[in-house]
Amino acid sequence: HPHSRPRHPGVSTMLPLLLLLLPAAHGIAPLGYRPALTKDPQLEGVKTASTFVVDQPRCVFQNYSNAVIWLVVALNQAASTFNNSAGPGTSETAFQRFPDPVRAYMTLNATLGSYPCPKPDGDIAVLRVGSETSCIRDEMRPSCNGPLPGPGPYRVKFLALEGSVPVAETAWSVPITLREAKPSSTISTTGSGHSPGMIAITTILSILFAILLAGLVAMLFFWGSDSCGSSSTFSKPESVTVRRYNTHHVYDQPAARL
């Protein structure tokens with residue numbers, strides 16, 4: 001039609017993009033769950049110098065059966081700025097680049113089947129963060145669950161992705177600070193408070209051992225002297241007796257026959 005306006009060439013391009021953005025328009029569903037350190041009495045070492053243990057998210061993602069659930073581990077100060085659209089398994093979220101320049105990494109991916117609800121009796125439903133050592137420098141495994149590089153503090157959350165689209169997330173945990181290994185100088189200084197007592201005990205034990213050893217040597221010496229004296233006392237009569245006996249038989253008998 002001569003008076004009709006020509007279609008803008010960008011309209012056909014924008015329409016598919018808008019359709020792709022529709023799922024994101026709904027946003028990521030926040031779930032009423034906050035990860036926390038486990039309180040399972042069967043477990044020891046809930047926090048170490050490079051690991052910590054959190055409860056599994058059982059009965060949390062039941063409405064997302066097609067999703068893959070990831071654990072996001074972030075420095076405390078970086079949790080609020082984490083980009084949920086950052087893809088797992090990429091350099092942007094790789095463990096090998098944590099904590100600098102990557103401030104948060106994604107690990108321990110699992111399907112909903114790994115978190116059955118309700119929890120079967122006898123199951124220990126926990127995750128130990130930082131337990132893998134074989135992939136620390138393996139850049140082919142960016143989702144490595146490697147040892148944490150310092151005491152933190154850290155915060156964690158669970159994020160569910162359908163394909164590459166984030167669909168649901170938990171709240172962030174409270175800050176988790178790991179046990180800090182004491183430097184050798186600190187250990188020496190701390191130990192020096194007990195050193196006088198330790199020295200006294202060591203000295204007493206050394207003296208007692210020396211007395212015992214001296215007594216044992218003296219007993220062995222006297223026993224040796226007695227045994228030598230006894231052998232010299234009895235050897236002479238035996239020697240004389242034998243000599244006399246031989247003399248009697250060797251020299252007296254022929255005379256008797258005569």
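I took contact to mean heavy atoms within 4.5 Å. The model is predicted, and I kept that in mind throughout.

Entry 1, Lys-157. I found Lys-157 in strand S6, which spans residues 154–162. I then asked what Lys-157 touches, leaving aside its neighbours within four places in sequence. The list holds Pro-35, Trp-70, Leu-71, Val-72, Phe-82, Asn-84, Glu-169, Thr-170, Ala-171 and Trp-172.

I looked at the side chain and found a polar contact with the side chain of Glu-169 at 2.5 Å. The pair also forms a salt bridge, with the closest N and O atoms 2.5 Å apart. Glu-169 sits in strand S7 (residues 165–169) and Lys-157 in strand S6, so the pair ties together parts that are 12 residues apart in sequence. Both Lys-157 and Glu-169 are buried.

Entry 3, the salt bridges. How many salt bridges are there by this rule? I get 3. One of them joins the side chains of Arg-58 and Asp-123, at 4.0 Å from N to O. Arg-58 lies in the loop between strands S2 (52–55) and S3 (68–75), and Asp-123 in the loop between strands S4 (104–111) and S5 (126–129), so this pair ties together parts 65 residues apart in sequence. Arg-58 is buried at 15% relative accessible area, while Asp-123 is partly exposed at 31%.

I noted a salt bridge from Glu-132 to Arg-141, with the closest N and O atoms 2.6 Å apart. Glu-132 is partly exposed at 23% relative accessibility. Arg-141 is partly exposed at 35%.

Definitions and conventions:
Residues are numbered from 1 along each chain as its sequence is written. This is a predicted model: local features need pLDDT of at least 70, side-chain atom pairs count only at pLDDT 80 or more; totals for chains, interfaces and linings use all residues. Side-chain values use heavy atoms; hydrogens and water are left out. Helices (H or I, at least four residues) and strands (E, at least two) are DSSP runs, numbered from the N terminus. A polar contact is a pair of N or O atoms within 3.5 Å; within protein, one must be able to donate a hydrogen and the other to accept it, and residues adjacent in sequence count only if both atoms are side-chain atoms. Buried means under 20% relative accessible area, exposed over 50%, partly exposed in between (1.4 Å probe, protein chains only).
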